[in-house]
Every structure is written in C-alpha cells, then in structure tokens.
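Here's a quick briefing to read alongside the model. Keep the 3D view open and follow along as we go.

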Amino acid sequence: MLVIEDLQVELANKIILKHIDLEIKQGETHALFGPNGSGKTSLLMAIMGYPQYKVLSGKIMFKGEDITYMPINERAQLGIGMSYQRPPTINGLKTRQMIHLCGKGKVDEEKLAGRINFSNFLDRDINAGFSGGEIKRSELLQLMAQDPDLMLFDEPESGVDMENMALVGKTIAAMLQRNGFHEEGKSILQTKHERKKMGLIITHTGYIFDYVTADKGQVLFDGMLSSVENPREILRCIGQTGYEECVRCMTEND
Amino acid sequence: MYDRKRLKEKAEKAKDKHASIGPDIDLKEYTVAPVPHAYMADEDLCKMPETEQHLLNMTGIDVTKKDRGGTFFQKDTQVIHCHARQDGIEVIPMTQALEKYDWIEEYYWKLASVDSDKYTAAAELDLHDGYVVRALPGSKSVYPVQACLYLEKDGLQQNVHNIIIAEEGSELHMITGCASSPQMKTGLHVGVSEFFIKKNAKLSFTMIHNFGEEMVVRPRSVARVEEGGLFLNNYICMKPVKSLQTYPVTDLVGRDSVARFYSIIVGSPGSNYDIGGKIVLKESGSRAEIIARSISNGGNVINRGHLIGDAPDIKAHLECRGLLINGGTLDAIPQLTAHVEGVEMSHEAAVGKIAQDEIQYLMSRGLSRDEATSTIVRGFLSVDIPGLPPQLKAEIDRAIEESDKDVM
Ligand SMILES: Nc1ncnc2c1ncn2[C@@H]1O[C@H](COP(=O)(O)OP(=O)(O)OP(=O)(O)O)[C@@H](O)[C@H]1O
Ligand SMILES: [Mg+2]
C-alpha cells in the first residue's frame, strides 16, 4: 500500500506540489489527470525518490515503511518502478543489457521483448534516437523485467500508434494483473482477489481505459489532488467544463 | 646480413635528441644489457605461474594459443616463443629477420626515422628484438596473431622493433599485449612499429597495455596504406602508468584507402598519458576516422588528433570524448588541416562528467549508485568497432570489464 500524507514538494525553488494526500491500496490502480505543468510527472518523481524534488513536509509510506527520504534504488528494491515520459539516453548501454539489469539477470530478454514488439531494438543503445512511441515500449519492457509492486506510468499511451496501442494497453493490464488477465491455474476472479500490483497512471486522453480499468481517478490542480471513483466520469467532466470547474464540482460533491 | 652501419651512425647523432612532445626521460636511469631467458615450448607456456598467465590474459594473450593464428612472446630482451600455425602467415623474430632475409631492408626504418628522437635512436643502437609478421599476398587470417612484450627485469629499458606487413589482397588481424611483471618497479618500454598495408589489404591491429605504475612507455609507430587498403588500429590502456607518450602517424597514400583509429584510455591517479595520432590523406577517395574515449579518475590525459587532407574528395572525422570521474585533467586537442578544396573534414570533442539523470535512471531500476556509475562508464568506453573479429572484440570488452574494478 502507498500512503502519501500532506506532502509538499519543491523543485528549483518553486513549490509545485502544495498539499498531496493519496492512498493506493494493494491491488488498486489509479488514474492521474491534470493540465500541462500541473506537476503530475513531479509527483511520480517524488514517489520514486528523485532528490531534486525536495520534500518540504509530509510523508510517503510504502508497504508500511516511511520512504520519504529513502534513496531511489532502495525504493526500487522495495518494489516501486516507473515508466518515464522522457528518459535519458545512455550511450554504449544496449537495450538488451538494460533489460538484463532491470530483471536482475533472471528474465529472458528476447522473449520479453517479443511480447511488446521490441526485439529489433535490443542491440541499440538504450533510448538513443528512439521515437516517442518506441520510448513508451522500451520503458514498458524495462518495467516488465523489473516487475515492481507499484508501477508509475507517465503517459504510457501518448505517441503510441493505433496498432501498438492495443499491445501496450494489454501489456499494462497484464502487468497490473487486470482486465481478464489471470495467472495460469487461477481463475480471473481469484486473480483479482489476490491481486497485489498497484498502479498510478498519468493520462490525458484516457485511451488506456479501453484496456485497463482504474479504480479511482485523481485530478492534480493547483498543487492539490481531488479524487473520484469513476475516472471516465472525470474525463467527461474535464472535456465539458475544463479542469478548474471540474475540480470545484468534485470538491463540492465531497 | 643487413649491414646497419649507416643507420647506426644516424642513430648515434640523435641519441640525446628530445622528443617533440612528452616529458623527457633520462635513459641513463635504465639498463639495456641483455637478460637471458630460456625458450619456452607450448607446454611450458601453459605452465607459467597463475599470476603471470592472468596478466597476459588481461592483455589479450592466450597461452593455450587456442583461436590464435600465431604467437610471438618476448620477455625482457629475449624472444622466448615464436610460432606461426596458419598458412600464409609468417612470424619471425626481428633479429633473425635482419640476419637471414634480404627483403627486410625494404621495410626496416623505411617509414619511421631512426633519428626522430632519442627513443628511436636507442631502438637501433641497442635493439633487443621484436617481431616481423607478414601476411602473404591474398592470404586471409582466420585467427588473430598474438604478440606479447613482457617486462620482468627491474630497471630495464626494453627496445623493440616490429614490422607488420599485409601483402596485396591479404587480411591480417593482430593483437599485441604489453605488460610488466607486478614485481617490477621501474622500467622503460621503447617500441618502434612500422605497418605496411599494401593494395587492397586489410590489417586490424589491437594493442592492449597493462604496465605497472612506475613504467615509462614510448611507442613510435608509422603506417602506410596503399590503394584500397584498410588499417584498423585500436589502442587500449586502462592501467596506471607513470608516463606514456605516443603519436602514431599514418599516411594514406593510395586511392580509396582507409584508416580508423580507436583509443580507450583510463587515467588513474599518478598516471600521465599523452596520446594521439595523425592521419594524412594523400589520395582522393580515402577516408580516416579517429575516435578517442578517455576517462580520468585522477590522472592526466592529453588526447591529440590531427587529420590532414591533401587530396580532394576525402572524408575524415575525429571524435574525442572524455569523462572526468574523480579529479585529474583531460585535454582534448583536435586539429584539422585541409590543403585542397573538396575535402570533408569534421571534429567533435566533448569533456564532461557523468550525467546525474543517467545515474538516477539506473538507480530507479534497482542499481546502487556505484553500480549505475560503472554501468555508464562501461557504456561510454564500449565503442562499436566495425571490422574487428569477434575474438578481439571479446578481448576489448573483457579489458573494459576488468578496468571497472580500478575505476571505481
Ligand atoms: N528543472 C526545472 N526547473 C524549473 N521548473 C521546472 C523544472 N522541471 C519542471 N519544472 C516545472 O515544474 C512544473 C511541473 O512539471 P511537470 O513535469 O511535473 O508537469 P506535468 O503535470 O507532468 O505536465 P505535462 O502534462 O505537460 O507532462 C512545470 O511548470 C515545469 O515547467
Ligand atoms: Mg508530465
């Protein structure tokens, strides 16, 4: 379980997250909305533990541990992983090696890459010259190899073509143990019941909902989160009235 | 027998001449008297002490000689093993070649000048040995030929002269490992190398240095590439060395000839490297590339590179990248000269430190900071070298892998 309490985060001497409360229970997946520049990526980076995103107050708890000041790699080892919006290129590091590192040597890189239509990229330097859609698949592949318990997806569907969209969507569903995915020898219902994986997915368009249902929707606006049960509802509301109005409406209903 | 009187006279006049670059070395601090060692048969090679074998291994030398087309092994001043086991390839100790073969005159000191500096002069005046490796016309080497120059006697100045000839249409791959025994404190290695790449021949030459911290190294190399020839020259030095200065020169004298230089240097604390190279493109259609990767974790590294375009329709590129990990200095000195119109020449130099966002990216995949750093360093050092046989590629990767332990 991830619990964030009254978190305040500063980046480059500017407070970007004012007051964040968030709880993702075991097995839950939340969708995260918000206008450009509202701080969605920043929130994910703060959860992942990037020290540039300086926590001024509040705390982050994961699996019962206070991880507010824990280094990035220790959070990764505890089971947090992220699919990035703009990952850096590492020259000379082959995608194959990267997958190997993510999977701690225990995964079959070739097989995993095949699942996401990425076999032809294994011998290229990681992220070097990857197109927008290719980056998404590369990030997904790394996360698959890593297989963390809490997965942070930063706009996993943006820039992905129609053909790959279904692939990406279904893969994410499988990673999060959702939407009809079930483990061998277990029924769908049983899988759902025993589900451990947690997800937080940033999306602007909601296309991902065609493949992955989210238990809750969160809107980040003015440094704060507002949540509702049905993420599709939020999408419609934002489309009709805009973020600000939508958030006001949500808080009034609370 | 080749009468070298004239050469000796010339050398005599240059025996105190300072090199044009690099700190001057007082040769009086070293001895040149021959150090006898017994010849070693194949079995003996495999019975060498574990530590020695490991050291040789690190420079790409395989004592089992498996997957090698020939082996040359010189310890101090003495050749202790010399054997070719592939048709079309000759491996001969230099002293023997000078004694027995007239044709050596056409090559010996024909590219390098004996009076360049005190080191070339010393290599003539007190020549110990070295190797002649020749690929006969049209022959294709399946396995690389390996050569090892090993130093054991403390305080020795090892003078070596090598000649590598790739005859017309031949293909030759060589790996040379230079190493010094861990017991050895001070020493000087002087190595003259002359490379002849004839028409449509291909030579890949990979040198790995693995010397001790107090060693001084002065290689002197010159190459000539004829029409349609290819010279691939790789230099790897990841171990500390007190002072190393080298400035190999390659002349592309034939149309469509190609030279590619790759160097990988790791500058440890207390080490001083001044390395570089010059490639002169004299005929149209020729191409040259110099790619250097240097890391300093406390040492001083100077990286020179000079490309000279003397003919139209040539292409040359120089790329020099440096990474500072833990103090030290990096000096990138790229230079381009064009003497005619219609040349295409470029250079790219960058010196910096490891990017934080790359480290953090890897940490978020579960790697510790140190693991992330060494992964990035390894990536930085691993350049793709086209045309290198897989065994040699594996040797380079292994050397990089091994260097990790020293860098971190
Ligand atoms: N290094 C930086 N220095 C200063 N401001 C920054 C820096 N990095 C990000 N910001 C700012 O922080 C704010 C939040 O950025 P963030 O990337 O979290 O937004 P986002 O909600 O993910 O937006 P988008 O939907 O466009 O991806 C933005 O206004 C951004 O310009
Ligand atoms: Mg963003």
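Around ligand 1 there are 15 residues, and A:Gly37, A:Gly39, A:Lys40, A:Thr41 and A:Ser42 come nearest (a residue is near a molecule if one of its heavy atoms lies within 4 Å of it). Keep in mind that this is a predicted model: local features need pLDDT of at least 70 and side-chain atom pairs count only at pLDDT 80 or more, while totals for chains, interfaces and linings use all residues. Residues are numbered from 1 along each chain as its sequence is written, chains are lettered from A and ligands numbered from 1 in the order in which they are written, and side-chain values use heavy atoms, with hydrogens and water left out.

**Ligand 1**
- A polar side-chain atom of A:Asn36 sits 3.0 Å from an oxygen atom of ligand 1.
- For A:Gly39, a polar backbone atom is 2.9 Å from an oxygen atom of the ligand.
- A:Thr41 uses its side chain: an N or O atom there is 2.7 Å from an oxygen atom of ligand 1.
- On its own, ligand 1 exposes 640 Å², and the protein buries 62% of that (areas come from the Shrake-Rupley method with a 1.4 Å probe).
- Strand E2 (14–24) and helix H1 (40–48) of chain A are the elements that give two or more residues to the shell; helices (H or I, at least four residues) and strands (E, at least two) are DSSP runs, numbered from the N terminus.
- H1(A) gives the largest share of that shell, three residues.

**The magnesium ion**
- Ligand 2 is a magnesium ion, and its protein donors are A:Thr41 (OG1) and A:Gln85 (OE1), 2.0 to 2.4 Å away (donors are N, O and S atoms within 2.8 Å of the metal, or 3.2 Å for Na, K and Ca; water is not among the atoms, so sites may look incomplete).
- A:Thr41 lies in helix H1 and A:Gln85 in the loop between E6 and helix H3 (95–102) of chain A, so the pair ties together parts that are 44 residues apart in sequence.
- A:Thr41 is partly exposed, with a relative accessible area of 26%, and A:Gln85 is partly exposed at 25% (buried means under 20%, exposed over 50%, partly exposed in between, with a 1.4 Å probe and protein chains only).

**Strand E7 and its neighbours**
- Five of the five residues of strand E7 (residues 150–154) of chain A are buried, so the strand is largely enclosed by the rest of the structure.
- E7(A) pairs with strand E6 (residues 80–83) of chain A in the parallel sense, over four bridges (pairing takes at least two DSSP bridges between two strands).
- E7(A) also runs parallel to strand E8 (residues 198–202) of chain A, joined by five bridges.

Definitions and conventions. Polar contact = N/O pair within 3.5 Å; in protein donor to acceptor, adjacent residues only side chain to side chain.
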